[in-house]
Amino acid sequence: MAIAMAGKWQAGNLPPELTSLVGRRAELDVVRTAVRHSRLVTLTGIGGVGKSRVALRAAAELRSEFGGGAWLVGLSALNDGGLVPHAIAGALRLADQTARPMTEVLAEHLSGRELLIVLDSCEHLAGPCGEVVAALLTAVPGLRVLATSRRPLEVAGETLVVIEPLPVPPAGTTALVGDAVTLLAERAADVVPGFDLGSENPEAVVRLCRRLEGIPLAIELAAARLRDLPVSYLADRLDDRFAALDADPGSPHDPPWHRALRTAVGWSHELCEPAERLLWARLSVFAGDFDTEAARRVCADERLPESEIGLLLDALAEDSVLTWLPTGAGERYRMLDTLREYGARRLRDLGEEERFKQRHREHYLSLAIKGAAGWLGPGQLSWYDRMVGEHDNLRAALEVALAAEDATPALELAGVLAFFWYGCGHAKEGRHYLQQALALARRPEPALVQTLWADGLLAASQGDAHGAETRATQIATVAHDLRTTSGDPQSTPGHPPAVPGQVAAASGHSSVVPGQVAAASGHSSVVPGQVSAASGHSSVVPGQVSAASGHSSVVPGQVSAASGHSSVVPGQVSAASGHSSVVPGQVSAASGHSSVVPGQASAASRHSPAPLGQPSATTGHPPAASSDSASIPGGPSSTYGGLPPTSGGPPGTSGDAAATSGGLSATPGDWAVNFGGPGALSGGSAATSGGHARAAFEGPAATSGDGAGIYGDAGAPGASTASYSHAGTRGYPVTGGDLAGIYGRAALVPGGFGAYAATCVRALRSAAGVIRGDLARVLAESEPAYRDRWNDEPPTIAGLLALLCRAHALTVAGRLDEAIAVLEDLRTLCDGRGEQLMRSHGDFLRGQAELSSGRLAAAVRYGQAALRTKRRLHDSFGIGLTVDLLALAAGAAGQAGRAARLLGLAQRVWSNHGQAQASVPEWVAARRACETHARAALGDSAYAAAYRTGFDSDVDAGIAYALEPEGEGLPHSGPHL
């Protein structure tokens with residue numbers, strides 16, 4: 001039986017119809033019948049004929065027949081075929097942050113469900129769309145796809161339905177009959193109050209509709225002109241246009257349109273004022289919708305003064321060239337695909353296409369810099385809304401940057417968007433772009449440091465510990481080479497650089513190459529808010545669940561992976577394993593050896609976590625020193641002597657991203673990191689773990705690049721805050737204050753960029769330590785962030801992540817008071833800046849720690865605080881985690897009815913995540929234990945009713961219930977928030 005992806009509160013995402021649909025009853029009958037009998041139906045026809053309108057109306061009429069609803073996936077603004085699965089997942093509100101291919105994630109998520117997906121505007125991506133659709137139809141028997149495209153998708157079993165133009169009056173008649181006439185009358189009445197088609201010259205009306213051949217878009221463009229011109233004049237002008245078209249073979253850049261559409265669009269263009277025509281062409285560089293400010297900054301010059309842009313936009317909207325979109329954040333505009341194609345042709349004919357594409361890229365680079373600088377501040381939620389709204393334009397800007405011969409533009413934009421990829425839930429897509437940018441790199445530059453950090457952060461968020469550690473190593477190498485090539489005496493041989501933990505790549509076993517995807521391998525990790533990939537050595541960062549693995553550690557309040565050796569998990573059930581923990585208030589997994597309650601010494605086991613500050617029990621290596629210094633790459637490290645091997649890793653890797661020599665050469669003046677060539681794991685083969693193998697993907701051929709870009713000569717002697725160059729040439733001016741907000745003020749002084757690089761290296765290695773279960777390493781790597789937490793530098797994502805990792809390590813070690821102290825400091829730091837995302841991760845961890853300590857009311861308050869932020873940032877994974885936490889707290893407090901309702905709500909939220917309950921059997925077991933206790937307390941009937949109330953409720957109403965103040969009278973209330 002199909003599982004409904006959407007309950008009463010979510011039956012799809014089809015938009016409301018803003019104008020009437022004229023005619024099309026016969027076509028709708030055909031489409032509905034075709035969808036019921038064929039799993040892929042493609043509506044074809046000429047541009048502007050109304051394929052999308054017919055598809056959306058048919059889907060709305062069919063929606064009730066699909067338990068999972070009907071979902072629109074718009075592809076018109078997408079130019080990268082590799083992102084088609086991501087676009088589908090985004091439309092389905094599917095949140096998956098693992099490293100698995102998105103098509104695989106979609107197939108798993110939709111398995112057993114019945115739903116209809118409308119893929120709109122596939123013609124420019126017909127090949128990739130066909131591949132994705134074929135894979136999903138094979139894997140998901142209950143899936144139906146309704147596509148619109150000017151050409152078939154060429155998938156086996158595809159049914160084609162041709163959408164024809166609207167019927168027009170017969171030749172030689174003046175009778176005002178036919179759907180084309182009706183459409184003209186209705187649209188004219190929309191723009192001309194009191195318009196009566198009967199008072200017009202019927203011969204001219206019939207001639208107009210016949211000339212436009214019943215094409216809806218052409219008729220709507222003509223109707224918009226009736227505000228100023230009579231029907232007879234428009235009909236005469238059209239006759240002239242057709243005569244001219246017959247004599248003109250056209251431009252080689254002309255789109256492959258029907259002649260009537262080409263005539264109507266060209267005629268509408270001709271009726272515009274010269275300034276309107278010029279703006280129409282320049283606006284074609286935008287993807288999706290845009291606001292007035294962006295139009296001013298990209299399109300204005302001496303020919304189009306900024307002061308006139310607003311009025312020109314209004315004029316184009318009145319002429320139906322633009323669609324006006326009022327939003328809560330202000331006015332935005334959208335151009336239909338057909339009209340954008342025409343504008344792009346005109347821009348190309350003017351010889352201005354490349355110029356304005358670059359201006360578009362520069363504007364969105366400056367916007368991204370402003371967003372990154374403001375992300376960890378009081379405007380975080382506003383920046384979230386703004387950047388999500390600009391997603392299509394960010395993609396367009398990235399594609400322009402990646403097409404450049406110089407790597408710097410792509411590195412700058414992809415890297416500075418780290419906050420967007422990580423904070424707005426686009427880890428998969430972020431790595432897609434970051435790896436393309438890294439494949440272009442051939443020389444050290446500050447933008448490369450930021451891009452490596454961004455990819456390392458996302459690698460950790462996907463459960464790719466190996467990739468995160470490799471990026472840390474590469475950041476250290478690049479930072480060292482930046483100082484060396486700039487002539488900084490601190491980096492000459494014999495003088496260690498300021499970046500800690502420099503190491504060389506593994507000899508004979510190359511590390512993950514920038515520009516390639518790290519294979520899901522023997523070591524994986526997870527960043528707050530994410531789930532780790534199945535691997536051989538994994539653990540989980542605050543607030544997450546580790547994947548099934550051989551050696552794992554677990555975040556406070558979460559389930560440890562089914563494994564041979566597991567760590568203590570406060571507030572949750574331990575993994576079924578050979579050595580497991582007993583958690584207060586939870587069921588212990590069947591095991592041979594159990595550890596004591598959190599807060600006490602860990603019971604002896606074959607591989608229990610080592611005391612902090614002592615050699616790791618799993619690796620045998622001593623913890624890293626907390627010194628800021630590091631050795632010269634290629635020599636013995638003062639901290640680890642290279643990344644230490646972890647037992648159980650894939651053959652040939654020693655369980656690490658790098659060994660002790662070769663590979664990444666950091667000899668001063670010798671830039672030997674190959675960022676674009678083929679890379680390998682495990683001595684050239686794909687790394688394997690737990691029976692799963694994933695090969696690294698090879699990036700495109702690299703090109704050399706230079707240019708200081710937005711960083712100027714940051715990190716080099718003599719650099720100044722005035723040297724940050726071209727990011728502000730279009731768009732928002734970029735200041736030293738903006739850059740300080742991203743990288744810290746120390747990065748803006750001569751030789752200071754290494755401080756930021758060092759913070760990034762330590763944050764990634766802290767996350768890797770959590771993943772490896774090496775608590776000593778976590779504390780060593782996070783020590784500088786903890787020590788410097790009260791300095792006058794603004795916080796960075798890297799610094800805050802290191803503090804979260806430190807709190808995790810302390811909690812797993814049973815040092816709950818110290819962990820809570822770190823989390824309290826992190827909360828203070830975030831509150832001082834108005835930051836909410838990282839604070840919500842800390843609040844979730846704090847709730848788990850309080851729950852494990854028996855302070856139930858405090859656990860509820862911190863869980864609710866985290867939930868408020870995760871709801872606002874649409875973090876479905878985080879919402880599921882926090883609602884689960886609140887359900888467990890309610891169950892522990894004896895509130896069985898509330899626990900049952902929250903379990904139902906959490907399951908509804910999980911149904912929109914790529915892996916329900918993160919697919920971890922032990923987490924499912926923990927929920928089932930809570931369910932069992934609640935069912936026993938309530939009885940089957942009452943429990944089922946409470947659960948269904950939560951599961952079937954509107955999600956916002958369900959979250960409002962979860963946020964109700966239910967903590968009164970609970971034991972050990974703890975501090976007030």
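Biologist: Before that, what kind of model is it, and how are residues numbered?
Modeller: This is a predicted model: local features need pLDDT of at least 70, side-chain atom pairs count only at pLDDT 80 or more, and totals for chains, interfaces and linings use all residues. Residues are numbered from 1 along each chain as its sequence is written, and side-chain values use heavy atoms, with hydrogens and water left out.

Biologist: Okay, salt bridges. How many are there?
Modeller: The structure holds 52 salt bridges. The term means a side-chain nitrogen of Lys or Arg within 4 Å of a carboxyl oxygen of Asp or Glu.

Biologist: Which residue does Arg-150 pair with?
Modeller: Arg-150 meets Glu-341 in a salt bridge, at 3.2 Å from N to O. Arg-150 sits in the loop between strand 4 (143-148) and strand 5 (159-162), and Glu-341 is in helix 14 (residues 337-349), so the pair ties together parts that are 191 residues apart in sequence. Helices (H or I, at least four residues) and strands (E, at least two) are DSSP runs, numbered from the N terminus.

Biologist: How exposed is Arg-150?
Modeller: Arg-150 counts as partly exposed, because its relative accessibility is 26%. Glu-341 is also partly exposed, at 29%. Buried means under 20% relative accessible area, exposed over 50%, and partly exposed in between (1.4 Å probe, protein chains only).

Biologist: What about Arg-846 and Glu-850: how far apart are their closest N and O atoms?
Modeller: Those atoms are 2.8 Å apart, in a salt bridge. Arg-846 and Glu-850 are separated by about one helical turn, because they are 4 residues apart in helix 28 (residues 837-852). Arg-846 is buried at 5%, and Glu-850 is buried at 1%.

Biologist: Switching topic. How many aromatic pairs does a search of the whole structure find?
Modeller: The search finds 9 aromatic pairs. One of them is Trp-375 with Phe-419, which is tilted: 5.4 Å centre to centre and 50° between the planes. Trp-375 is in helix 15 (residues 353-375) and Phe-419 in helix 19 (residues 418-423), 44 residues apart, so this pair links distant parts of the chain. Trp-375 is buried at 1%, and Phe-419 is buried at 3%.

Biologist: What makes a pair count, and what does tilted mean?
Modeller: Rings of Phe, Tyr and Trp (its six-membered ring) pair if their centres lie within 6.5 Å; planes under 30 degrees apart count as stacked, over 60 as edge-to-face and the rest as tilted.

Biologist: Then how are Tyr-947 and Phe-951 arranged?
Modeller: They are stacked, with 6.4 Å between centres and 10° between planes. Tyr-947 and Phe-951 are 4 residues apart in helix 33 (residues 940-952), which means about one helical turn separates them. Both are buried.

Biologist: Which residues do ring pairs link into a cluster?
Modeller: Phe-286, Phe-290, Tyr-333 and Tyr-364.

Biologist: Last one: where does Asp-228 lie, and is Asp-228 buried or exposed?
Modeller: Asp-228 lies in the loop between helix 8 (216-225) and helix 9 (231-247). Asp-228 counts as exposed because its relative accessibility is 56%.
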